[in-house]
Each structure stands twice: as structure tokens, then as C-alpha cells.
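Dear colleague,

Please find below the structure for your records. A summary of the findings follows it.

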Amino acid sequence: MAFDGITVNGLMHELNNLLLGQRIGKIAQPEKEELLLTFKGLSGANRLLISANASLPFIYMTDQNKTSPITAPNFCMLLRKHISNGRITEITQPSLERVLRFKIEHLDELGDPAVKFLYVEIMGKHSNIIFCNEENIIIDSIKHVSAQVSSVREVLPGRPYFIPTQEGKFNPWEIDEDTFINTVCTKPTSIVKAIYTSLVGFSPVMALELSNRCALDGDAATASLSSNQKEALFQEFKNILADMEQGNFHPTIYYNPQNSSPVEFASLPLTMYADMNATEFESVSELLQIYYAQRNQYTNIRQKSSDLRKIISIHLERDYKKYQLQKKQLEDTEKKDKYRIYGEMLHTYGYQIAPGAKKTTVTNYYTNEELTIPLDEQLNPMENAKKYFDKYAKLKRTSEALSQYIVETKQQIAHLESISAALDIAENDADLSAIREELCDYGFIKKHGGKKKAKQEKSKPLHFIDSNGFHIYVGKNNYQNDYLTFKIATGNDWWFHTKGIPGSHVIVKTEGKELPDSSFEYAAALAAYYSSGRENDKVEIDYLQKKNVKKPNGSAPGFVVYYTNYSMMASPSLTGVTLVQ
């Protein structure tokens, strides 16, 4: 997902239309590296949310308010002192950099007109919000960068503000045709890389789109370009600039038609994703707000589940090692039958063995082959036979015990892997609570006494309706899987699950009707999507009627057995179904 200079340019046009001439009514800093500016306008309040977070930097208009800390941070207090009630007179983008400059007019302490600049830099881990005076001297910034951190630029109060030059990159607004054709198009690399490493603000995505619009293979070397192709690239490049100049933006998110996951977003149309599902938005802000809300929810869930993932990872690593060790020990017991045969042969041929012999060779009456048996010269043949029978008995007991231990270890590994798969599809705190409860119930997490926690909303299975009108339910954790299979499903309902890998139980309620082929395909695609095979192109799915699914006594939640089933290959997908909220 590319928050590139072209996306920032779309935002600049949008913010100029919305905020030019408006006054800053409220300044808040809801998070450590986040600002929320509220503007007074004739049409009501407009809110601008800015984040300089290294993992999730953004800037967009929002209709959502956020709770601020009781005591405002220093940077927030400084902005309130200087530009509260200030008026936005200009919003610009230097070159095509991922930077927006807000020019703010306000009254100073003496009541005289003054100008300040607020720079918003959306540059990944280098993102920042920098406040400067009229001479572009830094007053303060939301993140301080010292010389020890960066040898290129210090971002500290009193230092001059500047944007570091990007070595070998051209300003797209200033580059001429001759430079584009003879410099960019002759760079000794692929066409795509030559574009995004030569032009400020162009991401690899837009470089690939530029190639695609000219029907060129972006991975091909620039040396393969003909003169006509170079000219076509330049003309299409100028068309992109013309769209930006005219504000001809089409903010769109492109989704994978197989699983409805977002593939890319852009403020200009991406012809290379013509086969994708696309949702166009009225503004770049609306696009970013929806995208980052989804991304933020995903990030928060990943952060909140990190302790659970670590616990599962530790137990799984331990069990994998235990399983390998048990298998090796079991292999070592395979020689037990050799000791039994040694004992039997010594019982049969012991009378012919001379006292003090270190070995004897006899005919193995099982195979009619000669067999050499090592002997302890201190023991007589019967004592040697007893020694071998004792070894056999010990290894047999070990083998029987290990066989049971291996089954238990495999079951525990399967249980933990199923919990890990449930974590991957967890969507909210209720889902995480259900998974934590299961880990506690099975001893992976110690239960702590004390005060009872406030009652949380209970996690519920996913409920879909397919295009044929059939209700499909998907379990999001092992407890839900058991509940769906053995409480919700009736005998003739259809049950789906991935073959040999962890995944959700998927139930299709038939209501006594015959299921059409497409409904089988929708349910199988859901089973593939809500499994650990989600990233695969195809996943094998077992399906059968629920009445043939059994749960062994004492087995872990979500564990079932079945002996008669059908199988089909399915691509992980959410097509053909609608989620019921």
C-alpha cells in the first residue's frame, strides 16, 4: 500500500478545497505522535487527523473525534499557544514529496499579524510533524531527531528546516522530455525501478502502473526500450501530471476477488488491477480513513494478541522438540525383537555353547539364516538369555509408553496449532478473550484468582448467507467449533473443514432442502479462507453430513473424527456470501 507523493498531492487538493481560509478551533494530541486539528467553518466542524507513527503514518480528514489526555503534551500546548484560532492561508506540497506545508496566519502576543508553518512529513519511519516560524526555523516537532540519530538532518528547536535532497531524483514538475528519455529511460535497471528511483513521489506501484499504461513489461530492462516506447512513457507520465494538476483524482481501493482482502489503494486509477474488485471513494480522506481504520484494527488485534502468540509459540516449540525426541527414542526401541530372538535362540541352542564363550553362531529357525549372538563370558547361556529377555521387556514397555506419549504430544500440537489459527482470524477483544479462556482451561496459562473481571461481550461465530439463501456459520475458535458442530448443526446439515490443517468448522444449514453445487463451493471457499491455508491458491476440503462427525470422549475442543467423507479443492474466498452483522 503506497502513501506516495501522488496520494499526498490528491490530499493537498482536497485540503485546499476544505480548509483554506478556515480557523483552527481546537488542537488536541490524543496519542504520543498524533495530532487532531478541529477547524471552524460555515458548514460546521472539520477535523484533520495527523499521525507521525513510524508503523502507521497518515493524514486525512475525519468525522470521528478522539479522547485526549487530561494533561496535554508539551507539543500540543505549544501549538495551542501559537496558532490556536490561526487561519489556514495556504497548503502546498514541495516538489512531489510526501510532505504537506500548512501556512497559518495568526496574531502574536502583541496582537500583530504573524505567520507560522506546520510541516507534515509522511515518510515511513522518518515521519514527523514539524512547527516552524516565518523564517523556517524549527520551533518544535512532535519527534526530535538529533545528530546521533541522523547525520543527514537534525530536527531540533532552533535548527533550520529543510527537506533532505534525494540523490539522483528529479522533480516531476520540472523534468523535461530530453532528461526523461536520455536519463530515466537509460538507467541500467528495470523500467519500474528506473522510474521510482529517478522521480520524486513515484512509488513502485505508480511506476508499474506507468509501464502498464504503455503496455510494457515493468520488469524488462530499460535497454530493451525503443525510441517510440520511451516517448510513450514520457507522454503517459505527462498525462499523470495533468490529472494531478486538474485535480482529476479517483481514490480507489482494489480488493482480491478471491478473498476480498485489500490489494492496493491509489488516488489515481490503476489500470493494472482491472480484474480486481474496486471500491471508489468521494475523497482521498474517505479512502484513507476506511483503509487505516481496518489496518489499525488489525494492528491493534495483533498487538493485543502478541502475549498469546508468544505463549503458543513457546509451547509449540517445546512440543515439536518433544515429539522429535520421542520419535527418535521409539526408533531406538525397534531393536527389541532382536533381543527377544537372541534369548529364544540361547534357550534352544544353549546346551552346545562352551563355557566362557564371547559369542556364538546359531541357525535362526525363523529365517533359516546364521545368527551371531554376542555373549557375556561371565554368564552361562541361560543367564545370557535372561539378560536379553530383560532388555526386550524393558524396550517393549518403553515402546508402548512412547507410542502413547507420541499420540498425546501430536494431539497437543494439533490443539495448539488450531488455537494459533484461531488467533489469525480473531477480529476483536471478545475473540481474544475466548482464546485466552481456552488456554487457561487447558493449562497453557496459569489461572489467577482475585476480582472477577467485568463481563465482556461474548464472541460469536460468523454468520453468512450465500447467494442461494442458505445460512452458513463459521467458528472463530475451538469452543465455537464444538458449539456449531454439536449444538447448532442437525444431522442432515453439511459440515466442512480443511483436510490435514487447522481451520474453522463450517456448517451449512439445509433446513431439509437439497444443497445446490454452488452452495457447496461457497462453504468450501469459506472453510479454506478461515484456515491456516488462507494464503494458498487451493486448499483441500473435507465435507460430509454432520451426523457422520463424531467427538471422542475427553478430546480437546474442536477435535472431531469422521470416516466417510467427500473431498474437493477450493480457493480461499468470500465471494458469493454476505456477512450477517
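**Cores, sheet and aromatic pairs**

Leaving aside neighbours within four places in sequence, Y292 is in contact with F3, L56, P57, F58, Y60 and F265. Please note that the model is a predicted one.

Y292 also belongs to the largest nonpolar core, which has 48 residues. Y292 is among the residues with the most contacts inside this core, together with F3, L15, L48, I59, F102 and L288. As general background, nonpolar side chains in soluble globular proteins tend to be buried together.

Next, the sheet. Three strands form an open sheet in the order β11-β10-β12, and their pairing is antiparallel. At the edges are β11 (262-266) and β12 (277-280), each of which pairs on one side only. On average, neighbouring strands of this sheet are turned by 20° against each other, direction ignored. Strand β10, residues 252-255, pairs with β12 over 4 bridges in the antiparallel sense. The bridge partner of I253 in β12 is T279. Helix α7, which covers residues 284-304, packs on the sheet and touches β10 and β11. The direction of α7 makes about 150° with that of β11.

I turn now to D319, in helix α8 (residues 306-332). Is D319 buried or exposed? D319 is buried, because its relative accessible area is 3%, and the cut-off for a buried residue is under 20%. The side chain of D319 makes a polar contact with the side chain of Q412, at 3.0 Å. Not counting residues up to four places away in sequence, D319 touches T409, Q412, I413 and L416.

Finally, the aromatic residues. A search of the whole structure finds 23 aromatic pairs. One of them is formed by Y339 and Y342 and is edge-to-face, with 6.4 Å from centre to centre and 70° between the planes. Both residues of this pair, Y339 and Y342, lie in helix α9 (residues 336-349), 3 residues apart, or about one turn of the helix. Y339 and Y342 are both buried. Elsewhere in the search, ring pairs link W494, F496, F520, Y543 and Y566 into a cluster.

With kind regards

Note on methods
Residues numbered from 1 in each chain as written. Predicted model: local features only at pLDDT ≥ 70, side-chain atom pairs only at ≥ 80, totals over all residues. Heavy atoms only, no water. Helix = DSSP H or I, 4+ residues; strand = E, 2+ residues; numbered from the N terminus. Buried < 20%, exposed > 50% of the residue type's maximum accessible area, 1.4 Å probe, protein only. Polar contact = N/O pair within 3.5 Å; in protein donor to acceptor, adjacent residues only side chain to side chain. Contact = heavy atoms within 4.5 Å. Core = buried A, V, L, I, M, F, W, Y, C linked by side-chain atoms within 4.5 Å. Pairing = 2+ DSSP bridges. Axes fitted to C-alpha atoms, helices over the stretch in contact; angles between N-to-C directions. Phe/Tyr/Trp six-rings, centres within 6.5 Å; stacked < 30°, edge-to-face > 60°.
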